[in-house]
Amino acid sequence: MDQEWNDGQPIYRQLRDRVIAMILDGVLREGDALPSVRNVAAEFRVNPLTVLKSYQELVDEQQVEKRRGLGMVIRTGARELLLKGERQKFLAERWPRIHATIQRLGLTPEELLEAAKSGESQGKEHQERDEER
């Protein structure tokens, strides 16, 4: 997880968003335990209550459940529920601005697809270089 914080949002929300990203990216899978509150607090140099608050939000949203002896565990179906919610959020909040920018710049679908392809190949090149180091 990235250790830099955005001043525009509370840290507990940023921690929550990072866990969600890890679930969506497949880093954390259904049935996996979340890292312990103490470990996360020590790693990011934040108050354990901040980590606990972010985890509690995930419990309240039914993405995570508390299991005796295991701690917080990703619930079955959490990824699908998150995908559905994040897609709706993207289409409602971010897509209108992106679409307006595309229209303003007069970009064609072909140009966008080509840019996406070249971006993917550049990302792979960076990843390969990082793995060589």
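1. Surface and model. The accessible surface of the protein comes to about 9900 Å², and 49% of this belongs to carbon and sulfur atoms; accessible areas here follow the Shrake-Rupley method with a 1.4 Å probe, and for residues only the protein chains shown count as cover. The model is predicted: local features need pLDDT of at least 70, side-chain atom pairs count only at pLDDT 80 or more, and totals for chains, interfaces and linings use all residues. Residues are numbered from 1 along each chain as its sequence is written, and side-chain values use heavy atoms, with hydrogens and water left out.

2. Overall arrangement. The protein has five helices and two strands, in the order α-α-α-β-β-α-α from the N terminus. Helices (H or I, at least four residues) and strands (E, at least two) are DSSP runs, numbered from the N terminus. Of the 133 residues, 24% count as buried; buried means under 20% relative accessible area, exposed means over 50%, and partly exposed lies in between, with a 1.4 Å probe and protein chains only. Among the contacts (heavy atoms within 4.5 Å) with a separation of 6 or more, 51% join residues 24 or more positions apart.

3. Helix 1. Among the buried residues are Tyr12, Leu15, Val19, Ile23 and Leu24. The partners against which the buried residues of helix 1 pack are helix 2 (37-44), helix 3 (48-60), strand 2 (71-74) and helix 4 (78-105).

4. Gln9 lies in the segment before helix 1 (11-24). Gln9 counts as partly exposed because its relative accessible area is 28%. Leaving aside neighbours within four places in sequence, Gln9 is in contact with Gln14 and Asp17. With Asp17 there is a polar contact between side chains at 3.5 Å; a polar contact is a pair of N or O atoms within 3.5 Å, where within protein one must be able to donate a hydrogen and the other to accept it, and residues adjacent in sequence count only if both atoms are side-chain atoms. Gln14 belongs to helix 1 and is buried, at 6% relative accessibility. Not counting residues up to four places away in sequence, Gln14 touches Glu4, Trp5 and Asn6 as well as Gln9.

5. Salt bridges. Which residues are linked in a network of salt bridges? They are Arg13, Arg16, Asp17, Glu57 and Glu61, a salt bridge being a side-chain nitrogen of Lys or Arg within 4 Å of a carboxyl oxygen of Asp or Glu. The count for the protein comes to five salt bridges. Glu57 and Arg13 meet through their side chains at 2.7 Å, N to O. This pair links distant parts of the chain, with Glu57 in helix 3 and Arg13 in helix 1, 44 residues apart. Arg13 is partly exposed, at 24% relative accessibility.

6. Asp17 is partly exposed, at 28% relative accessibility.

7. Backbone points to check. Just after helix 1, Gly26 takes a positive phi of about 85°. Arg45, although not a glycine, has a positive phi of about 55°. Arg45 is placed in the loop between helix 2 and helix 3 and counts as exposed, at 75% relative accessibility. Gln62, also not a glycine, has a positive phi of about 65° and is found in the loop between helix 3 and strand 1 (64-67).

8. Nonpolar surface patch. Phe90, Leu91, Trp95 and Ile98 form a nonpolar patch on the surface, with about 350 Å² of accessible area together. Patches are made of residues with over 30% relative accessible area and no salt bridge, like charges being joined within 9 Å and nonpolar side chains (Val, Leu, Ile, Met, Phe, Trp, Tyr) within 5 Å. Ile98 is found in helix 4 and counts as partly exposed, at 32% relative accessibility.
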